[in-house]
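Hi everyone, thanks for coming. Let me put a structure up on the screen, and then we can walk through parts of it together.

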Amino acid sequence: MQPPERALELLRDAYGAGHLSTATLEARAEWVLGGRVDDALWDLPLPRPGASSPLRSRGWSPAPPVRSLVAGALEWPLGERGRWVIGRGSHCDLVLADDDSVSRAHAEIAVRAGLCLVRDLDSCNGTLLNGRFVQRARLRRGDVLTVGETEVRVR
């Protein structure tokens, strides 16, 4: 976990680079000050060791962008930036209502700064990426995300 001062610096850098809106910056700063540092930073690029700014140096290698998620006959296109919740609940952006092993709000997908990331939302059955349980991970084309008993292919 990042100390609050460092977390606020990362948010400032993301805002300055145009990756966060003013409203998002304000909400996430409140999260940091309220002790929810991990929630505020989870979808920002990670710094490379010794780099001055994670958003300028990009501590990740370029890859073809993720365009969509596919589960059976369902396909959900993803934009260049945004957030989507996968789950069984009707309030979710990507609804998997037919799978009882999927939590109401199971996982969150975020696309920001050229990265596509997944975060498990404390689901009962967990989220698997290519057969391994993950709390947070980067998604790449060709990956298989397992949510409950449903396989979601990353394209």
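This is a predicted model: local features need pLDDT of at least 70, side-chain atom pairs count only at pLDDT 80 or more; totals for chains, interfaces and linings use all residues.

I'll start with the overall picture, then visit a strand, a pocket, some loops and the cysteines.

Residues are numbered from 1 along each chain as its sequence is written, and side-chain values use heavy atoms, with hydrogens and water left out.

So, the overall picture. The protein has four helices and 11 strands. Those are DSSP runs numbered from the N terminus, with helices being H or I of at least four residues and strands being E of at least two. Of its 155 residues, 45% count as buried. Buried means under 20% relative accessible area, exposed means over 50%, and partly exposed is in between, using a 1.4 Å probe and protein chains only. Now for contacts, which means heavy atoms within 4.5 Å. Among contacts between residues at least 6 apart in sequence, 43% join residues at least 24 apart.

Let's move to strand β5, which covers residues 107-112, and find E108 there. Is E108 buried or exposed? With a relative accessible area of 9%, E108 is buried. Which side chains does the side chain of E108 meet in polar contacts? One is that of R119, at 2.7 Å, and another is that of R83, at 3.4 Å. A polar contact here is a pair of N or O atoms within 3.5 Å; within protein, one must be able to donate a hydrogen and the other to accept it, and residues adjacent in sequence count only if both atoms are side-chain atoms. Setting aside neighbours within four places in sequence, E108 is also in contact with residues including W42, W84 and L117.

I109 is in strand β5 too. Its relative accessibility is 0%, so I109 counts as buried. Beyond residues up to four places away in sequence, I109 touches, among others, L69, L78, I86, L139 and L145. Have a look at R119 again as well: I109 and R119 are 10 residues apart along the chain, and their C-alpha atoms are separated by 6.6 Å.

L121 is in the loop between β6 and β7, and at 24% relative accessibility it counts as partly exposed. Leaving out neighbours within four places in sequence, L121 is in contact with V85, A105, H106, A107 and E108.

D122 is exposed, with a relative accessible area of 70%. Its phi is near 55°, a positive value in a residue other than glycine. Why point that out? Most residues other than glycine have a negative phi. N130 also has a positive phi, of about 50°, although it is not a glycine. You'll find N130 in the loop between β7 and β8, and at 47% relative accessibility it counts as partly exposed.

Next, the second largest pocket. About 190 Å³ of space lies in it. Of the 16 residues that line this pocket, the closest to its centre are P65, V66, V111, G114 and L115. The elements giving two or more residues to the lining are β6 (115-120) and β9 (136-139). For the terms: on a 1 Å grid over the protein atoms alone, a pocket is an open set of points where a 1.4 Å probe fits, with protein on both sides within 12 Å along at least five of seven lines, and lining residues have an atom within 4 Å of a point. The volume is the space filled by probe spheres set on the points.

Over to the helices. E5 is in helix α1, residues 4-16, and at 58% relative accessibility it counts as exposed. G34 sits in the loop between α2 (22-33) and α3 (37-41), and is exposed at 60%.

Last, the cysteines. How many disulfides does the structure hold? The count is zero, where a disulfide is a pair of cysteine sulfur atoms within 2.5 Å. C92 is buried, with a relative accessible area of 7%, whereas C124 counts as exposed at 74%.
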